[in-house]
Amino acid sequence: MKFFLDTADLNEIEEAASWGALAGVTTNPSLYAKIGGKLGDFHDHMKKICEIVGPDCPVSAESVAMTRDEIVADGLKLAEIAPNIVVKVPTMVEGLAATKELAKHEVPVNMTLCFSVPQALLAARAGARYISPFIGRFDDISDDGLAQVANIIDAINNYDFTDCTCKGEKVEIIAASIRSANHVTQCALMGADIATVPFGVLKKMVQHPLTDRGLESFMKDWEKVQNA
Ligand code: G3P
């Protein structure tokens, strides 16, 4: 499983990148608004993220256009920012049509706001490189987000979509809207390719109370060795 950071915060990205396990970044309009992002700075900000993580780490930048032609135009401009930009497109009819067109231009697409198996299958057929099923937002409405994602992973893995993606690559599932380290555990067990996690969840993933307790006792015992 690869880990992406779900944030637009440059400090969080720099810190997570230094930990050695970061494979990409996903952003969305809400995450950009959360850091006080301004419309005119959007492309520059995405460029900074691309530079921090380096050319091998995909960075998802979301199109806010609502028609296929506008999404394609927006996506092509976003793709000019850096070679590792992935255009994030909502799962809807206009988004599917735009994804097909962007794939023809060899622009990778991350289809977002995916909540069902049929939506995921259509996204893969349209040529999406990544599909982002959301977990937490299902839980928010008292549904079982993990069970929904498990179905999407099983359905996508039943087929080979490499003839649909822009460069013949495997479609990868990004488990998104992750709210806890347990979500990550369950997604890994069900074989999600990628988990995109907020920085708070990434920090929790490192922690375990037995690690803290073990470290404390090792340190105490080492003091005894030094004073012996
Ligand atoms: O990147 C999209 C997704 O991860 C959003 O998560 O927590 O806003 O449902 P959330």
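Visitor: Which cysteine sulfur is closest to the sulfur of Cys114, and how far away is it?

Guide: That's the one in Cys187, and the two sulfurs are 13 Å apart, too far for a bond. A disulfide here needs a pair of cysteine sulfur atoms within 2.5 Å. Keep in mind that this is a predicted model: local features need pLDDT of at least 70, side-chain atom pairs count only at pLDDT 80 or more, and totals for chains, interfaces and linings use all residues. Residues are numbered from 1 along each chain as its sequence is written, and side-chain values use heavy atoms, with hydrogens and water left out.

Visitor: How many disulfides turn up in the whole structure, then?

Guide: The search finds 0.

Visitor: Are Cys50 and Cys114 buried or exposed?

Guide: Cys50 is buried, at 4% relative accessible area, and Cys114 is buried too, at 0%. Buried means under 20% relative accessible area, exposed means over 50%, and partly exposed is in between (1.4 Å probe, protein chains only).

Visitor: Switching to the core. Which residues touch the most other members of the largest nonpolar core?

Guide: Leu5, Ile85, Ile131, Ile156, Ile178 and Val197, out of 56 residues in that core. A nonpolar core is a set of buried Ala, Val, Leu, Ile, Met, Phe, Trp, Tyr and Cys residues joined through side-chain atoms within 4.5 Å. There's also a second, separate core of 5 residues, which includes Phe4, Tyr130, Ile174 and Ile194.

Visitor: What does Ile131 touch?

Guide: Leaving out residues up to four places away in sequence, its contacts include Met111, Cys114, Ile156, Glu172 and Ile174. Contact means heavy atoms within 4.5 Å.

Visitor: Glu172 is on that list. Where is Glu172, and is Glu172 buried or exposed?

Guide: Glu172 is in strand 7, residues 172–175, and counts as buried at 10% relative accessibility. Strands (E, at least two residues) and helices (H or I, at least four) are DSSP runs numbered from the N terminus. Beyond four places in sequence, Glu172 touches Lys2, Arg129, Tyr130, Ile131, Asp193 and Ile194.

Visitor: OK, the ligand. Which residues surround the ligand?

Guide: Asp6, Asn28, Lys88, Phe134, Arg137, Ala176, Ser177 and Arg179. Near means that a residue has a heavy atom within 4 Å.

Visitor: And how far are the side chains of Lys88, Arg137 and Arg179 from ligand oxygen atoms?

Guide: A polar side-chain atom of Arg137 is 2.7 Å from a ligand oxygen. For Arg179 the distance is 2.8 Å, and for Lys88 it's 3.1 Å. A polar contact is a pair of N or O atoms within 3.5 Å; within protein, one must be able to donate a hydrogen and the other to accept it, and residues adjacent in sequence count only if both atoms are side-chain atoms. Taken alone the ligand exposes 310 Å², and the protein buries 83% of that. Those areas come from the Shrake-Rupley method with a 1.4 Å probe.

Visitor: Where does Asn28 sit?

Guide: In the loop between strand 2 (22–26) and helix 2 (29–34). Asn28 is buried, at 15% relative accessible area.

Visitor: Which backbone nitrogens does the Asn28 side chain reach?

Guide: The side chain of Asn28 reaches that of Leu31 at 2.7 Å, and a polar atom of the Asn28 side chain is 3.0 Å from that of Ser30.
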